[in-house]
Amino acid sequence: MHHDGTLSPRVVDVVRRLDELPHVEVVIATGRAVEATLPVMEQLGLLTPGRQTVCSNGAVTVEVDPGTERGFRVVDVVTFDPAPAISLVRRELPDALIAVEDVGSGFKVSTPFPHGELWGEEKVVPVEELMADPVTRVTFRDPSSTSEEFSELVERMGLHGVSYAVGWSAWLDLAPEGVSKASALEQVRRHLHVEPYRTVAVGDQRNDCEMLVWAACSYAMGQAPAEVLEAADRVTGTVEEDGLVDALEEVLAELA
């Protein structure tokens with residue numbers, strides 16, 4: 001998906017062709033919240049009953065269920081106490097924007113985020129409320145910093161008891177310790193009775209590293225950071241070059 005939120009027609013076509021094959025299951029694994037993931041699945045033709053989807057960097061797994069009010073059923077949710085991490089980051093970055101995920105609705109935020117960066121409803125609440133209850137994810141955003149500065153800060157702080165991923169900008173996602181796209185996909189794999197050697201993954205960001213190592217065959221998009229490229233078995237083209245098409249065409253050829 002491009003930064004403007006669009007999908008190439010070539011990408012849509014190859015995903016649909018792959019998903020139409022017998023004994024193949026296409027699973028979306030994303031850092032996005034559920035409500036931001038379902039519209040993308042619809043564009044890809046993947047919004048089919050019973051399909052499981054990994055959201056929130058592995059902390060939330062849902063199953064498409066058109067019979068429910070929201071269109072999905074929660075399969076698994078993993079939470080953690082956000083208070084220690086929020087307190088630590090606030091000491092280092094007192095002006096950082098903070099959001100905690102409210103599964104199925106949106107986010108509670110300390111201050112509104114830049115337009116288009118969060119999906120779903122944004123509800124501004126006191127920081128004390130952000131720290132009050134267990135959550136699936138905490139997001140920090142500092143529009144005045146770079147991803148490199150954020151990475152250095154995270155290393156210096158030594159966050160404990162959580163998993164974290166620094167995004168393409170000054171964006172930090174915290175998840176429950178040990179939770180990642182890989183940990184959630186392993187549960188989906190078992191649910192689908194797919195053998196480990198028949199797993200393929202494609203990713204382009206730091207929150208994909210565990211997933212790329214987990215898969216039997218993995219591709220990193222060409223524009224991915226160095227540590228993501230190192231985690232993958234193969235490298236394909238960039239998003240702008242429709243590199244996903246090249247990767248999935250290879251998968252299709254190997255399945256033929």
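A crossing of two helices is right-handed if the near helix is turned clockwise from the far one by less than a right angle. The structure shown in these close-up views is a predicted model.

**Figure 1. Crossing of helices α3 and α5 in the predicted model.** The crossing of α3 with α5 is right-handed. Helix α3 spans residues 83-92 and helix α5 spans residues 147-157; their axes come within 11 Å and cross at roughly 120°. On the α3 side, the contact involves L88, V89 and E92, which meet L153, R156 and M157 of α5.

**Figure 2. The largest nonpolar core.** This core contains 28 residues, and the members that touch the most others are V15, L18, V34 and L44. At least two core residues come from each of α1 (9-19), α2 (34-44), β2 (60-64), β11 (217-220) and α9 (243-255). In soluble globular proteins, nonpolar side chains tend to be buried together.

**Figure 3. Surroundings of L44.** Leaving aside residues up to four places away in sequence, L44 touches L7, V12, V15, R16 and I28. Both L44 and V15 are among the residues of the largest nonpolar core that touch the most other members.

**Figure 4. Cysteines C209 and C217.** The structure holds zero disulfides. A disulfide is a covalent bond between the sulfur atoms of two cysteines. For C209, the closest cysteine sulfur is that of C217, at 16 Å, which is too far for a bond, because a disulfide requires the sulfur atoms to lie within 2.5 Å. The closest cysteine sulfur to that of C217 is, in turn, the one in C209. C209 is buried, with a relative accessible area of 16%, and C217 is likewise buried, with a relative accessible area of 16%.

**Figure 5. P134 and its contacts.** P134 is located in the loop between α4 (127-130) and β7 (138-141). The residue is exposed, its relative accessible area being 55%. Although P134 and T79 are 55 residues apart in sequence, their C-alpha atoms are 5.6 Å apart in space. With residues up to four places away in sequence not counted, P134 touches T79, F80 and P82.

Notes
Residues numbered from 1 in each chain as written. Predicted model: local features only at pLDDT ≥ 70, side-chain atom pairs only at ≥ 80, totals over all residues. Heavy atoms only, no water. Core = buried A, V, L, I, M, F, W, Y, C linked by side-chain atoms within 4.5 Å. Buried < 20%, exposed > 50% of the residue type's maximum accessible area, 1.4 Å probe, protein only. Helix = DSSP H or I, 4+ residues; strand = E, 2+ residues; numbered from the N terminus. Contact = heavy atoms within 4.5 Å. Axes fitted to C-alpha atoms, helices over the stretch in contact; angles between N-to-C directions.
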